Amino acid sequence: MRLLLTMLLFVPIIGTAQTLAATDGLGRVLPQQKEAGAPKADKHVALFYFLWQGDSPTSEKYWDLTEMWNRDSSVFNDFNSPGWGGGAGVAGKYYFWGQPIYGYYQGGDYWVHLKNVQLLTDAGVDILILDATNRLTYLKQTDALMRALEAVRKQGRKTPKVVFYTNTKSGETMQELYDSCYKAGAPYRYPENWFYLDGKPLIIGISKEAGNSFFTIRESQWPTEAFKENAWPWIEFQRPQHVYRNHKGEREIVNVSTAQHPAVPMGHSAFYKRHGNWGRSYRNGAEGTAADLPYGYNIQEQWDYALKQDVPFIFITGWNEWIAGKWRYKKSKDTAVFVDQASPEYSRDIEPSLTAGLEDHYYMQMVSNIRRYKGMEAIPLLREKTIKGWGDWGQVSPEFKDYTGDVLHRKFPGAQSEPKVMYENTTGRNDLELMKVARDKQWIYFYARTVAPITPNTGKNWMTLWLDTDRNGKYDYRVVGGDQLQHNGKYIAKVKYQLKGNELMISIPAKFITTKSFEFKWSDNMQEENPLDWYVNGDAAPGGRFNFVVTNE
């Protein structure tokens, strides 16, 4: 298959070369090149990405189904109960199945999209497939996402490209998207963000309804339809999954999804004990337990199968699919129907969550599987170099780069109808940009550069260096306040540090770091000592649970 991708001009692309390490909260270690292999050609990861959070109002007063269930599960047996909040007796009210790490946000919140674009770029996602299947295009939300993609792309990053997925009134939807996003002069036109296949921007829909030949079209494929040629599936109701072929007869794509509802709507399994669906914990043909929930057994079974198929595309479902619409069950006027997601077990979202211990476990699992699918670069070698002054750093490689522009403050309304919530975050301060590390026989030297001059050295959260020297998922050393070396939280030594404008360097005696490889990261202005905090507050390089890693071997 010949794939034509949009070219990035004037800036180098930072792709898989910036190797990141991590151990997730369940003790699972991200694979490196030894396990994942070298980078593989013609392997692309697509991710279903949803934009309709807050597009229609949530229920008033109560809007989190998990919190409602834990508070009073009897509400779910009475469609008209006041416990539904503004959704009492009303069909079509929107709820969140759980709480995102960024709060109950709206799809137009640029701050959230910027965080997500960074996470998905680090993960190695190549395509974001935007949900326009119900005839709605969410153009203002799309614009917020596109601006976030542009901001990261212009930093030389290999950001995901965009594809729309249409189905209901597919021809009308494709025409609206062409007029709004693709044709010359369109108000939401971002051609650098298009994904090209067979020489044209790709769109998914019903080809016989298409009004022009601008796009390469892949057919929309529902799990309840007969298998189509040239189709891309967003979910599967069979195990193992079907491998779909393109119009040339080539094996092209397979789907993996977090949970599936082949028998009944998700809410029937979540709230009414109806069996037959496959939740997050499903494996080996049986439902799992609450203790299994964080591990992603269901999607891992599908990943294990998909990785063996050696196809050029894997389509993941999904990301930020938080919204559950409440409908009345036709067979029982007292029962509510939630079709696609309903609870932590019966939902499909991979985005980090504060509900039911999900945290960032599914994100880290996704990163791990993408590495096994696409391969990755080797861990960079730690160079021997004595640092005597600032000028010596110019000769040190490799360089470790962080995203910039991500310390912007957040102020955007949440999706809640009543009471209304304004999400604000002003913790962004020092914008980390470039990091280096070197060593000689006496010292290990660390360097950090920020976009603007570094703020005064005040407070315990200022410019902290974190070290995992034995690579066991725990930071055994840290440097706080510039010169205070701590081991397992206790002060052990004063180290050298210098600060000049937007540059900071720290020199640690080599006797403290004797391992052949180690992990490190920088953070500024974290609010609590919790890896999840690095997704939200201040700045961390690298972001979230990731660390930079170097080796002497």
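Biologist: How many Å separate the centres of domain 1 and domain 2?

Modeller: This is a predicted model, in which local features need pLDDT of at least 70 and side-chain atom pairs count only at pLDDT 80 or more, while totals for chains, interfaces and linings use all residues. Residues are numbered from 1 along each chain as its sequence is written, and side-chain values use heavy atoms, with hydrogens and water left out. The domain assignment, an automatic or database one, gives domain 1 (42-374) and domain 2 (390-550). Taken over C-alpha atoms, their centres are separated by 33 Å.

Biologist: What area is buried between domain 1 and domain 2?

Modeller: The size of an interface is often given as the accessible area lost when the parts come together; here that loss is computed with a 1.4 Å probe and summed over both parts. Carbon and sulfur atoms give 58% of the area between domain 1 and domain 2, which totals about 2700 Å².

Biologist: Which residue meets Arg545 in a salt bridge?

Modeller: The rule asks for a side-chain nitrogen of Lys or Arg within 4 Å of a carboxyl oxygen of Asp or Glu, and it finds three salt bridges across the interface of domain 1 and domain 2. For Arg545 the N to O distance is 3.8 Å, and the partner is Glu359.

Biologist: Which element gives the most to the side of domain 1 that touches domain 2?

Modeller: Helices are DSSP runs of H or I with at least four residues, strands runs of E with at least two, numbered from the N terminus. Two or more residues come from each of α3 (110-123) and α8 (361-374). With nine residues, the element that gives the most is α3.

Methods
Buried area is the accessible area (1.4 Å probe) that two parts lose on being put together, summed over both.
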